[in-house]
Amino acid sequence: MRLICYTKYKMKTAKHNRSLNNRINFQGWLFVIPATILICCMSFYPMIRALILSFQKGVGSNMSWTGADNYARLFHDKVFIQALTNTSIYLILQVPVMIIWALVLATMLNDKNLKFKGFFRTAIFLPCTVSLVAYAIIFRSMFSVDGFVNAFLLNTGILNTRVNWLGSAIGARSVIIIGMIWRWTGFNMILFLAALQNVDYSVYEAAKIDGASAIKQFFSITLPLVKPTILFTAIMSTNGALQLFDESFVLTNGGPANATITLTHYIYRVSFQNSPNFGYAAAMSYFVLALVAILAIIQMKVGDKR
Amino acid sequence: MKRLKASFKYIFLTLISILSIFPLYWMAVSSTNTSTDVISGKLLPGVNFINNWRNLIISQDVFQAFTNSAKNAICLTFISLLVCSLAGYGFEVYHDKKKDIVMFFLLLSMMVPFVAILIPLFQMFAKAGFLNSTIGFILPTISTPFLIMMFRQSTRSFPHDIIEAARIDGFSEMRIFTRVYIPTMKSTYLAAMTITFMNAWNSYLWPKVIMMTNKSVTIPMLVANLLSGYVIDYGLLNVAILICTLPTVIIFFFLQKSFTEGVAGSVK
């Protein structure tokens, strides 16, 4: 009799618990639904629309199917290939340099005995607060023919004629890369510092006692510990480099002769300037999407292995 | 030898800091000089600031652009923090298989380059009549996988016992979130606020596409438009850049501590 009562009681509470769990679970959906719906409407739905557009040609409501023509056109479009090359140059040069640079600075600032740490950290992070447009203009005016850099080099006697930094392909690309490193290093450095601060400092002290050099410490303690952060910053920066727009648009306007134009800038030009061609622009943006996805997968694979 | 090494470190870091700050210093100083002084490479503050300022407000509607930028950025920050923290909290506290799958798909959207959805978004917003408006500015970036992820990671360190205790006390789920969670996660909110506000204030491509009337121009657009003139007045230009830069710099200085704490909490 007692057993039956007990079992009945157990069943009742279990039922009660389950209904409580169901209720809580249902409320859990209410928390995540607004964000989910917004991402579906503002990201996934437009992606499907863009996919459809990329197989069409025409303007406004006069769209007609053209099959894969837009994609075929990509490989004959000289400006597109130029934009792809430029973006790759920025990606290959800027991302690794910036990540290593940020890691080096973070390791230096992670020293417990370092004075003025707060000042150094703030100073290096400060560029990240400046808008892309503002910094692009600052660099543009600093490196212009009558800009500060030339004036400085002339006054100190390093140069005797003004250099047209933004007038040559290599010069303009270098200015963009220097600008990007200036703007973004601090942000990555903060992420690395945060990861490093989770490491117990005594690990370093033990290594020091064992006679490990600073470089050895870096490779055998720091590097393995910040690996997830490196992966994260690598994916983010690759994504950012592939979507570069403001620098190309404001700093050099793609010039000289498209030597610095980026993929996003070219897509913008095809979409909204001269004679808009939404279909072709959509095909190009799917190309960028594929690039981002492929690179992210490669990075995750490499990150897992090491 | 050791001291030499240490002092080398300080010299190196000081040099890097100077290089880091210099362009901003140059911009601030140039805003107080005449265009000719700027070109000649003058590095000391001048007395021409008010003059540059006057020239700027005569030629451009700075106040309108500033108000637009402020309105857009504040609305976006507020709504975005609400929506994304709700989602981050929900995905962590009520996580089950189905929600994990949904979360995975939301994270996939991180890979979607903005330019890929630019045209469809523009078409959708033109049809809905959202062009030239704050709602058009904020809608695409209210819900970002980055912020959801950030809140989800930080919620991991939020003790679940508190939630259980609050449930036993008869708090509803929403009340636990607003009364218990939000006050405890202040530093995450402040960090998220800093990042979102900066991104919103600084964004350029999207407003450039949808803000087509003079009345809806934002500050970064106004600054970029100054370059289209035949002769560029560098003094005036740098005043405009200063106006564009100051709000984010000030916010960063005020929230610096919670910003680093919040970022640290979300990378763990």
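Chain A and chain B bury about 7,800 Å² between them, with 79% of it on carbon and sulfur atoms; buried area is the accessible area (1.4 Å probe) that two parts lose on being put together, summed over both. Of the area that chain A buries against chain B, F31(A), M42(A) and F148(A) supply 10%, more than any other three residues.

This is a predicted model, in which local features need pLDDT of at least 70 and side-chain atom pairs count only at pLDDT 80 or more, while totals for chains, interfaces and linings use all residues. Residues are numbered from 1 along each chain as its sequence is written, chains are lettered from A and ligands numbered from 1 in the order in which they are written, and side-chain values use heavy atoms, with hydrogens and water left out.

In terms of contact (heavy atoms within 4.5 Å), 88 residues of chain A meet 88 residues of chain B. The count of salt bridges between the two chains is 1, a salt bridge being a side-chain nitrogen of Lys or Arg within 4 Å of a carboxyl oxygen of Asp or Glu. D111(A) forms a salt bridge with K9(B), and their closest N and O atoms are 3.0 Å apart.

Now for two helices (DSSP runs of H or I, at least four residues, numbered from the N terminus):

| Helix | Residues |
|---|---|
| α3 of chain A | 78–109 |
| α9 of chain A | 214–242 |

The axes of α3(A) and α9(A) come within 10 Å and cross at roughly 145 degrees; axes are lines fitted to C-alpha atoms over the stretch in contact, and angles run from 0 to 180 degrees between N-to-C directions.
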